[in-house]
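Subject: Structure handover

Hello,

Here is the structure I promised you. Please open it beside this email and follow along.

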Amino acid sequence: PESGIATYYNEDGSVLYTGGVEKGLYAGEGKLYLEKNLLYEGEFAAGIYHGVGKLYQPEKKRILYEGSFEQGEFFGEGRLYDETTGNLLYQGNFYAGEYDGAGSLYDSVTKELIYEGNFREGKYDGQGRLYSEGVLAYEGEFSLGMYNGKGIIYNLANGEIAYEGVIHKNVPMPQTESGQAWAEEYGESFE
């Protein structure tokens, strides 16, 4: 049918799609199958994933992503799982398929937290905390994946502060008490 509820079949008779359709395209709630295994269940618009849904690895029959979609891409709040282990890899905001906004990144094997904070274009950006084997390694400002701004680097062996101050592109900067020498040299202030 052009609109309403429909079930479409593959040539072998297996179900390809079941759910809402509008103007012949998947719309509203539905389920899409690949080789008899569930690929996606959730909301569609104009034939693509749009709204809240779950994307599966059909051959392994487990969830790859659950959350919001926009125009077929991860968008908004969601949870991404590792393709190999099935463990949670990332939980937080997405924009156009990339980590963007507040989120947490996990080691897909050990399940330990790697990073929590802000992301931009899939990289650490803004305020965040970076961990190494479960131990806090750095907390502070990031810019597109690098330590950049005010931050604290920790000694991984004992957890004590190894450096606190201004960091520029992963390099701790020598500075006066106020950080002015660094700011004057680079023309920026992180206060």
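First, a term you will need throughout: a residue is buried under 20% relative accessible area, exposed over 50%, and partly exposed in between (1.4 Å probe, protein chains only). Those areas come from the Shrake-Rupley method with a 1.4 Å probe, and for residues only the protein chains shown count as cover.

Next, the ground rules. This is a predicted model, where local features need pLDDT of at least 70, side-chain atom pairs count only at pLDDT 80 or more, and totals for chains, interfaces and linings use all residues. Residues are numbered from 1 along each chain as its sequence is written, and side-chain values use heavy atoms, with hydrogens and water left out.

**Overall shape**

The protein chain has one helix and 15 strands. Both are DSSP runs numbered from the N terminus: helices are H or I with at least four residues, strands are E with at least two. The C-alpha atoms fill a box of roughly 75 × 35 × 20 Å along the principal axes. The radius of gyration of the protein chain is 23 Å, while a compact globule of 191 residues would have one near 16 Å. That radius is taken over C-alpha atoms, and the globule rule is 2.2 Å times the number of residues to the power 0.38. Of the 191 residues, 38% are buried.

**Salt bridges**

How many salt bridges does a search of the whole structure find? It finds three. A salt bridge here is a side-chain nitrogen of Lys or Arg within 4 Å of a carboxyl oxygen of Asp or Glu.

- E66 and R79 form a salt bridge, N to O 3.6 Å. The pair links distant parts of the chain, with E66 in strand β6 and R79 in strand β7 (residues 73–81), 13 residues apart. E66 is partly exposed at 21% relative accessible area. R79 is partly exposed too, at 31%.
- R120 bridges to D125, with the closest N and O atoms 3.2 Å apart. R120 counts as partly exposed at 35% relative accessibility. D125 is buried, because its relative accessible area is 15%.
- R129 and E139 meet at 3.0 Å, N to O. R129 is in strand β11 (residues 123–132) and E139 is in strand β12 (residues 135–143), so this bridge ties together parts that are 10 residues apart in sequence. R129 is partly exposed at 32% relative accessibility.

**A charged patch**

Which residues form a negative surface patch? They are E70, E73, E98 and E121. Patch residues have over 30% relative accessible area and no salt bridge; like charges are joined within 9 Å, and nonpolar side chains (Val, Leu, Ile, Met, Phe, Trp, Tyr) within 5 Å. Lys and Arg count as positive, Asp and Glu as negative, while His and the chain ends are not counted. A charge is placed at NZ of Lys, CZ of Arg, CG of Asp or CD of Glu.

E70 sits in strand β6 (residues 62–70). E70 is partly exposed, with a relative accessible area of 35%.

**Two positive phi values**

Most residues other than glycine have a negative phi. K61 has a phi near 55 degrees, which is positive, and K61 is not glycine. K61 lies in the loop between β5 (48–57) and β6. Is K61 buried or exposed? K61 is exposed, because its relative accessible area is 64%.

E121 also has a positive phi, near 55 degrees, in a residue other than glycine. E121 is found in the loop between β10 (113–120) and β11. E121 counts as partly exposed at 47% relative accessibility. You have met E121 already, in the negative patch.

- G42 is in strand β4 (residues 37–45) and is buried at 7% relative accessibility. G42 and D100 are 58 residues apart in sequence and 22 Å apart in space, C-alpha to C-alpha.
- F94 is in strand β8 (residues 88–95) and is buried at 3% relative accessibility.
- E66 comes back here: its C-alpha atom is 19 Å from that of G19, 47 residues away along the chain.

Best wishes
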